[in-house]
Amino acid sequence: MQTHDHAHAHTHADGHAHHQHEHSSDLLLCCEDLVVGYNGKPLLPAISLQIRRGTFLSVIGRNGSGKSTWFKTLLGMLPPVSGSVARTSEHVKSAYVPQTSGIDALLPVRSRELVQWGRLSGWNFLWPFPKKQDRAVVESALDSAGARPIANRPYRDLSGGQKQRALLARVLATEADLVLLDEPTASMDAVAERETMQRLAELARGPRRLAVVVVSHDLQMAADFCDQFLFVDKDGPAIVLGDANTVFCHPAFRHKYGDDYCPTHNPVHPR
C-alpha cells in the first residue's frame, strides 16, 4: 500500500498542479519525498507535493492519524525523518494559526493586540508601539475580517465565530502568502464554521490568492469548500493527495470512513 499510495499521490499532485496553475511564481512550498515521524522513526509514507497560490488544502484523518505530525513538519516545528520541505523563495511569507483553545490561556489580550502580533517578526510578544504603517495594515485587516466591532474586547470573552474573525484578521495583518490553520473551526457552531470556511475559501480564490492549508475534523464541510485533500493514516500506513473524489474514493480512506463520502459508491450523498 505504501508504494502505491505514494506513486498515486505524486502523480496526481503534479498533474493537478500543472493543470490548474501555469506560472512558477505561484509555487510557494515544495515537499520532496517528505517522510514525517519522531526520533528518526517514520510515521507515514513519503509524499511529494507542491503548494501554490490559490490552493485550499485540507489535511484529514482520524484522531491520532498523524495529521499534527505532518502539519508540524510543514511548519518547521519538527524535522523531517527524510526528504525535505522548502519555501521556493526567502520572500514567501507564512502565517500559523493554532487552535483557539491554545490561545485562550494567554494574557487577557484584546483582539486588536492579537492582530498586531501579526506584524511581528518571530515570536516576540513584547512588541513596541506599532509603527504607522503597521497600524494601517492592522486596521485594514480588522475591516477585511469583519472584526472591527470586537477589536477592543478581550479575546477570551469572544464567541467561537468572533475568535475566528480575530484570528483571521491576525493572518491578514501578516500579509502572508501561505496560511496554515490547525482545526480553525473546532469550537464553533455550524453557522460560524461555515462562515469561517467561506472566508478562507475567499482568501484562496479571491484577489489575495493565498495558499490556505487547514487541519480539518469536519469532512463534509471540507468537501464543500476545499479543492485539495491530504488524507493521512499511520495505521495503514497511507497518505493520499488529490481532489475530493480521488481521496474519498481511495481504498485507504474508505477503510477508515466507509463509502458515504465517495460519490461513486454513494451517489445520493449530498455534496
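Me: What makes the largest nonpolar core a core, and which residues have the most contacts inside it?

Reply: The largest nonpolar core has 51 residues, with F56, L200 and F248 having the most contacts inside it. A nonpolar core is a set of buried Ala, Val, Leu, Ile, Met, Phe, Trp, Tyr and Cys residues joined through side-chain atoms within 4.5 Å. Buried means under 20% relative accessible area (exposed is over 50%, partly exposed in between; 1.4 Å probe, protein chains only). Another core, of 25 residues, lies apart, L74 and V92 among them.

This is a predicted model: local features need pLDDT of at least 70, side-chain atom pairs pLDDT 80 or more, while totals for chains, interfaces and linings use all residues. Numbering runs from 1 along each chain as its sequence is written, and side-chain values use heavy atoms, without hydrogens or water.

Me: Why are α4 and α5 called oblique?

Reply: Helix α4 (residues 132-144) and helix α5 (residues 160-173) pack at about 135 degrees, axes 8 Å apart. Under 35 degrees counts as roughly parallel, over 145 as roughly antiparallel, 65 to 115 as roughly perpendicular, and the rest as oblique. The pair is therefore oblique.

Me: How do you know which residues of α4 meet α5?

Reply: Contact means heavy atoms within 4.5 Å. V137, A141, L142 and S144 in α4 meet A169, L172 and A173 in α5. By class, this contact has six nonpolar, one polar and no charged residues.

Note on methods
Axes are lines fitted to C-alpha atoms, for helices over the stretch in contact, and angles run from 0 to 180 degrees between N-to-C directions. Helices (H or I, at least four residues) and strands (E, at least two) are DSSP runs, numbered from the N terminus. Ala, Val, Leu, Ile, Met, Phe, Trp, Tyr, Cys and Pro count as nonpolar, Asp, Glu, Lys and Arg as charged, and the others, Gly among them, as polar.
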